[in-house]
Amino acid sequence: MLDEILTVTFLTGFLAATLRIMTPILIAALGEMFAERAGVLNLGIEGIMIIGSFAGFAGAYFTGSLLLGFVTGALAGALLGLAMGVLSIRLKANQIVAGLGIWILCQGLASFLNRGIFGVVSVRPSVSILPAISLPLLNQVPLLGETLFNQNIVVYLTLLAVPVFTFIFRRTSWGLSIDAVGEEPHAADAAGISVSRVRYIAVTFGGLMAGLGGAYLSLALFGLYTDDLSTGLGWMAIVVVVFGKWRPWWIVGGALIFGAANALQYRLQALDFPLPYQFLLMIPFIVTLVIVVIFGRGQKGPSALAAPYERSEL
Amino acid sequence: MYKKRALIVPLVLALALVIGQPLAMTAQEDETDAEPIRVALVLDNAIDDQGWNQAGYEGLLAIEEQFENVEIAFSEEIPIPDMERALRDYASQGYDFIILHSSIAKDAAINTATDYPEIMFLWTDGDTTMDNLAVIRPLAHEASYLAGLIAGSMTETGIIGMVGGIDIPSTHRSYEGFVMGVAEVNADAQVLVNWIGSFLDVSAGNEAAMSQVEAGADIIFGNGDGQNIGVLRACEETETLCIGAVRDQYDVAPSVVLTSVGWGFETGIPLVFGDYLEGKFEGQFYEINLEEGADLMPYHENEELIPEEVRELVEEKRQEIIDGDLEIPVIDFAEEMEEEEETD
């Protein structure tokens, strides 16, 4: 079996699958990181991803442009992020309940809109998926090049966003404001930062990213929409944020480990690995759990996470 | 002011729950004076999922089409834990014939049938019958065997893939039949097996099929339900020939779907209903065989891709099965377990 695993085709296929599986999770997790660092725990992102995949597909289908599809998916996600903002910031709702409410709402809403717009179809409408772009020269790198540098534009942009986000949090007053309202909202308020404004922006951006992650499923992977495109990717994104200690590069690591464990699991099964398939299916979740337990110990999130800000309490 | 705000939150959440409810049921009435016979169908996914649920819905439509004075209704996208509630809703509304289209909602089937002995229930691909609970048992392993003949004859790499949903008796039966067909025409061929542990997960179906293509599979049998959309899309993407399941899935990926293994719900459901109308309904297993619709689906435009001698072989073996000259053994997962216990 080992000689079957240590072949170039196996490894490139494994890498490609890892990237495919991790990208939508990574996009959503990076967005959720913004919301959580500003103090808003948005548990609705699984639902927002579902809406994003539907809105993205509908947008691309009716305009004929994948770009406009991604824009529609992102806008729908941003709108729902804003809705989460209204519930948790303005109405000061319990964020766990509000997030779950958004999730339930989105599940039904996506089915409802899909049936309302496309009707009962015998042939499911589809669009052609986002093409891969091969980066010249870099794709000549042995082993890795063919996979890593032959991806669609969204994968490149997502990986490019990671250092940008790191820069925002480390070097700009924007990032500082987000961390301030997430850690010490009263101090931030006293320093003249509008807590609710910063939180609105962060949670709306988080929704936008989740919408993009969803649109990635329908536009970059499948070219169609069904109600079961995202089966738990949004929840995985929330886990990855915690695992990633709310920091961009760590989040990439978390998504990478989950993607790799999943990609490996499918391949081991096909190689007739001598374990029951149910056990192999558990591998990605066991690996994630073990790693969260090991690395997550003594880990503290933003101090004001999930706490509505009350100025009058002072 | 603050109190008013506090009210809005539960209101929004209540709205979320209302909209989040499964899509509304619809009813269509025939215009005759006689009291219509009311038939209801409960499904766990969308009626146009191009797979399992659409097959059930087509069975319901066939009832409406083939019989006079029938009123149909259905509830789709009902999660498994809610199935019993949906069944009881229809039962308490006085529906005469209620179809449960879900293999795994066993408690819902038995509890409701026990409490409403005067109503007839039909449970597709179930495993228990009662006086008023009949079960459709598709014998899709026969068509799967025929599909195996095609895959075994046509593979060039000698590697064939099978992506299954959950390993339950009916899918396992199909898998064993398929492997038997492959082995009969191509003893050296290797069948890669992936069970993804879900009947819904499109991404998992897609990834599993992709991993098999990379491992060299040039024909893939998608043995399942909703996740088959992902399997067939992966095949279309990688230009790998494939075989669908449950109903004719040619439309999902016309460029690569050679045929599909039908499970015969479109024909089996009206068949049982006809028995019911004639007073012949019994709480029994209705086995749907090749002739009754659990058959190999049309090749459509891809007929020419399959060599003529292979098509002839399939036709020949099909006839042998129908004539009773060839028997494809039913190997259910459960039976295999029992055998193991016995040998222990």
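The model is a predicted one.

I then located Ala270(A) in the secondary structure: this residue belongs to helix 12 of chain A, which spans residues 248-270. I also asked which residues are in contact with Ala270(A), leaving aside its neighbours within four places in sequence.

I next turned to chain B as a whole. For its secondary structure I noted 11 helices and 12 strands. Of its 344 residues, 53% count as buried. I also recorded the contacts in chain B with a separation of 6 or more: residues 24 or more positions apart account for 69% of them.

Within chain B I examined helix 4, residues 106-115, and listed its buried residues as Ala108(B), Ala109(B), Thr112(B) and Ala113(B). Viewed down the axis of helix 4 of chain B, these buried residues fall within an arc of 110°, and therefore they line one face of the helix.

I asked what the face of helix 4 of chain B turned away from its buried side carries. There I found the exposed residues Asp107(B) and Thr114(B).

Finally, I looked up what the buried residues of helix 4 of chain B pack against. The partners, which belong to chain B as well, are helix 3 (83-92), strand 4 (97-101), strand 5 (120-124) and strand 6 (133-138).

How values were computed
Residues are numbered from 1 along each chain as its sequence is written. Chains are lettered from A and ligands numbered from 1 in the order in which they are written. This is a predicted model: local features need pLDDT of at least 70, side-chain atom pairs count only at pLDDT 80 or more; totals for chains, interfaces and linings use all residues. Helices (H or I, at least four residues) and strands (E, at least two) are DSSP runs, numbered from the N terminus. A residue is buried if 20 or more other C-beta atoms lie within 10 Å of its own, exposed if 12 or fewer, and partly exposed in between; C-beta atoms are placed from the backbone. Two residues are in contact if their C-beta atoms, placed from the backbone, lie within 7 Å. The arc is that of the directions from the helix axis to the C-beta atoms.
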